[in-house]
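Subject: Structure handover

Hello,

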Amino acid sequence: MPLSMGELLADLPQVGTVEWIGLRPQRRAPIKVVDNVIADQQIGLIGDRYSGSSRKRQVSIIQYEHLAVIASLLGVERCSPELLRRNISVSGINLLALKGKTFEIGDAVLKFTGLCHPCSFMQTTLGSGGYNAVRGHGGITAQVIEGGRIGLNDSVRVPDTLDSRFS
């Protein structure tokens with residue numbers, strides 16, 4: 001018997017890897033690249049400028065594999081994650097498959113809250129066509145559910161027990 005849509009969406013055995021971490025100390029200030037960061041339930045990532053009452057955009061995450069796509073669309077050899085001003089770049093797991101889920105990155109537990117669409121600053125940072133090159137490849141936003149340390153090479157995964165604990 002074929003799997004239902006719900007079963008297909010729930011089947012996510014892949015485990016991703018943290019490839020890069022960056023903090024935005026101030027609006028439009030250069031990104032500070034770090035090896036690890038502490039995620040906090042109230043403020044997001046310690047050292048990042050984010051502060052918002054909804055807490056739905058505490059962490060921005062981009063698919064590492066999409067950096068090559070963006071570079072290709074721009075006609076350049078490479079697109080580095082700090083140009084896109086996201087906090088974390090991960091490989092090996094489809095970020096869109098995290099929709100509606102809680103997931104672990106390192107010691108922290110996060111919850112998918114939405115898509116991270118490009119802003120007009122992408123045109124300034126990446127040049128002509130920058131905004132459109134990032135469309136559909138901008139990653140996701142997440143809320144910190146349980147704080148903890150996130151470091152390079154940490155896993156990104158959706159354990160079965162998490163969804164029932166935080167639903």
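What share of the contacts in the chain with a separation of 6 or more is accounted for by residues 24 or more positions apart? The share is 74%, where contact means heavy atoms within 4.5 Å.

Some conventions come before the rest. This is a predicted model, in which local features need pLDDT of at least 70 and side-chain atom pairs count only at pLDDT 80 or more, while totals for chains, interfaces and linings use all residues. Residues are numbered from 1 along each chain as its sequence is written, and side-chain values use heavy atoms, with hydrogens and water left out.

Overall form

The chain has six helices and eleven strands; these are DSSP runs numbered from the N terminus (helices H or I, at least four residues; strands E, at least two). Its radius of gyration, taken over C-alpha atoms, is 16 Å, close to the 15 Å that the globule rule gives for 167 residues (2.2 Å times the number of residues to the power 0.38), so the chain is as compact as a globular protein of that length. Along the principal axes, the C-alpha atoms fill a box of roughly 50 × 40 × 30 Å. Of the 167 residues, 45% are buried (under 20% relative accessible area, with a 1.4 Å probe and protein chains only).

Two aspartates

D48 sits in the loop between β4 (44-45) and β5 (59-63). D48 counts as buried because its relative accessibility is 11%. Beyond its neighbours within four places in sequence, D48 is in contact with L23, R24 and N87. With N87 there is a polar contact, side chain to side chain, at 3.1 Å (a pair of N or O atoms within 3.5 Å; within protein, one must be able to donate a hydrogen and the other to accept it, and residues adjacent in sequence count only if both atoms are side-chain atoms). P25 is 23 residues from D48 in sequence, yet the two C-alpha atoms are 5.1 Å apart.

D154 is found in the loop between β10 (148-151) and β11 (155-157). A relative accessibility of 18% is why D154 counts as buried. The side chain of D154 reaches the backbone nitrogen of G151 at 2.6 Å. Leaving out residues up to four places away in sequence, D154 touches G16, T17, V18, G106 and R149.

Regards

Notes. Buried means under 20% relative accessible area, exposed over 50%, partly exposed in between (1.4 Å probe, protein chains only).
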